[in-house]
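Q: Can we walk through this model together? I'd like to start with the charged pairs.

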Amino acid sequence: MSRFIQVSAPDLSGNEKKYVNDCIDTSWISSNGTYIKRFEENFAQFTGAKHAVSCCNGTVALHLALLAFDIKPGDEVIVPSLTFISTANAVKYCGATPVFADCLPDTWNIDPLDIKKKITPNTKGIIPVHLYGNPCEMDEIMAIAKKHDLFVLEDTAESHGAKHNGKTTGAIGDIGIFSFFGNKIITTGEGGMIITDNDELANKMRLLKGQGMDPNRRYWFNIVGYNYRMTNIEAAIGLAQLENINEHIKNRGQVADWYKEFLAPLVENGQIILQKITPNSENVWWMFSILLPEKSRINRDELAEKLLKDSIETRPLFYPMHIMPPYLDKNAACPISEQIALKGLNLPTHAKLTRDDVLFVCEKIKQYMIG
Ligand SMILES: *Cc1c(COP(=O)(O)O)cnc(C)c1O
C-alpha cells in the first residue's frame, strides 16, 4: 500500500516557523507589526505593482476591490461561470448582479467573445479568473474593457506568479486579488492580497479594511468600513512563503511536466484531454487537470472513486456558477462550462510530489481508462 497522495499540500520548510516564533516572542500577533509591511512590500515587488494591500482572505479581497470600484445594486459585473464561488459572491455582497460568461473550450478561461455578448448598459466591470493557474486572454479582455469603459479586476487567487506577455497576472488589470488559503500557490493559512498601481483605489481599500477609521483622527469614522485585516502571524508565514515562491513554482512546473510525459499516450489517443496553456503565457499549475472525453470507458466520478481506493486524492472541477442554487439561471447560455465542469478532474498538484508519486498516479489512470 502506497502513501496517501493529497491533491494539494503546503510547503512550510522555509523561515515560516522562525518568523511565527518571532511574532509570539515579541507579542506582535494581531494586525499591527513589521511582517505585514514587509509582506506587502515584497509582494508588490514580486508582482511589479505599486501597491499591495493585505487582507484576511481572497473573498474579502474581491469584496474590497468591488467596493473601491463603487459597485452598487443595479450594477452588473461579468464573471466566468467556471470559477470558485467567491468570484460571484463578492459581486452579490455589493448588492449587484454577477452576469456569467462562458469559457473557451481549450484554455477553460472566460471567453472574450461571450463577454462582449453579455455587456449591457448596466455593466461596470469584468472579473477574469486565471483558472487553475492558466492566464486569461488578457489582451482581448483589456481591449473590450477599454472600449466599453469597464474596470478589470483580475481574480488571481489561483495564479500567483503566472505570466501573460511577460506581465505578472494580477498586475495587468486595474486591480488584482490573491488568496493565501492553505491549498493555493503560497499560503498564510487564511489570507488575501490586493494589488494595484492606482493610488486612489489603494487608499480606499486600506480605509475600508480598517473599519473606515479616519487615518488622521482616532475613533472618527466618515464611512461604514469593515474589519478585513490580516494578522502579523499570517504575514510572517506569507513573507517566508514568498522567499521561496520561485522555487515552489518551478517544482509545480516539474510536476506538470511529469504528468504530460506519463499521460502522453492517453492524450495522443484522445482518451484524455488536457487544459491548453494560453498562448504567450506561463502557467503556474495550481491544479493539473484532465478531461474525460464523451465516449470514455469510465466516467469522471468512477475514476475519482477508484483512485481514492489507491490512496490518490482528486477533486472534480468547479461546478458552473449558473447551476448553483443562489445563481440558478437556465438562460445563462454557458454550454462549454457545463461540459467541462462535469468531465474534468484535478489531479494531485503540489511542490512536494515526487516523480514516483506522479508516475503512480498516471499508471493507475492508464489502468482504469484503458485496462
Ligand atoms: C480560492 C479562491 C478564491 C477565494 O479565496 P479565499 O482566500 O479562500 O477566500 C477566490 N477566487 C478563486 C478563483 C479561488 O480559487
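**Salt bridges, ligand and surface**

A: The structure holds 17 salt bridges. A salt bridge here is a side-chain nitrogen of Lys or Arg within 4 Å of a carboxyl oxygen of Asp or Glu. This is a predicted model: local features need pLDDT of at least 70, side-chain atom pairs count only at pLDDT 80 or more, and totals for chains, interfaces and linings use all residues. Residues are numbered from 1 along each chain as its sequence is written, and side-chain values use heavy atoms, with hydrogens and water left out.

Q: Which residue meets Lys50 in a salt bridge?
A: Asp199 does, at 2.8 Å from N to O. Lys50 sits in the loop between H2 and strand S1 (51–55) and Asp199 in helix H7, so the pair ties together parts that are 149 residues apart in sequence. Helices (H or I, at least four residues) and strands (E, at least two) are DSSP runs, numbered from the N terminus.

Q: Is Lys50 buried or exposed?
A: Lys50 is exposed, at 52% relative accessibility. Asp199 is partly exposed, at 37%. Buried means under 20% relative accessible area, exposed over 50%, and partly exposed in between (1.4 Å probe, protein chains only).

Q: What about Asp257 and Lys260?
A: They form a salt bridge, with the closest N and O atoms 3.7 Å apart. The two are three residues apart in helix H9 (residues 245–268), so about one helical turn separates them. Asp257 is partly exposed at 43%, and Lys260 is partly exposed at 31%.

Q: Which residues are linked in a network of salt bridges?
A: Glu40, Arg206 and Lys209.

Q: Switching to the ligand. How many residues surround the ligand?
A: 15 residues do, and the closest are Gly58, Thr59, Glu158, Ser179 and Lys184. The shell divides into four nonpolar, eight polar and three charged residues.

Q: Which atoms of Gly58 and Thr59 lie by the ligand's oxygens?
A: For Gly58, a backbone N or O atom lies 2.7 Å from a ligand oxygen. For Thr59, a polar side-chain atom lies 2.5 Å from an oxygen of the ligand. Asp155 has a polar side-chain atom 2.8 Å from a ligand nitrogen.

Q: How much of the ligand does the protein bury?
A: The protein buries 93% of the 380 Å² that the ligand exposes when taken alone. Areas come from the Shrake-Rupley method with a 1.4 Å probe; for residues, only the protein chains shown count as cover. Helix H3 (58–68) and helix H4 (86–93) are the elements that give two or more residues to the shell.

Q: Backbone next. What is the phi of Ser27?
A: Ser27 has a positive phi of about 65 degrees, although it is not a glycine. Ser27 lies in the loop between helix H1 (16–26) and helix H2 (34–47). Ser27 is exposed, at 57%.

Q: And Asp149, what is its phi?
A: Asp149 also has a positive phi, about 55 degrees, and is not a glycine. Its place is the loop between helix H6 (138–148) and strand S5 (151–155). Asp149 is exposed at 72%.

Q: Last one. Is Ala202 buried or exposed?
A: Ala202 is buried, with a relative accessible area of 0%. Ala202 belongs to helix H7 (residues 199–209). Ala202 and His51 are 6.6 Å apart, C-alpha to C-alpha, and 151 residues apart in sequence.

Terms used. A residue is near a molecule or strand if one of its heavy atoms lies within 4 Å of it. A polar contact is a pair of N or O atoms within 3.5 Å; within protein, one must be able to donate a hydrogen and the other to accept it, and residues adjacent in sequence count only if both atoms are side-chain atoms. Ala, Val, Leu, Ile, Met, Phe, Trp, Tyr, Cys and Pro count as nonpolar, Asp, Glu, Lys and Arg as charged, and the others, Gly among them, as polar.
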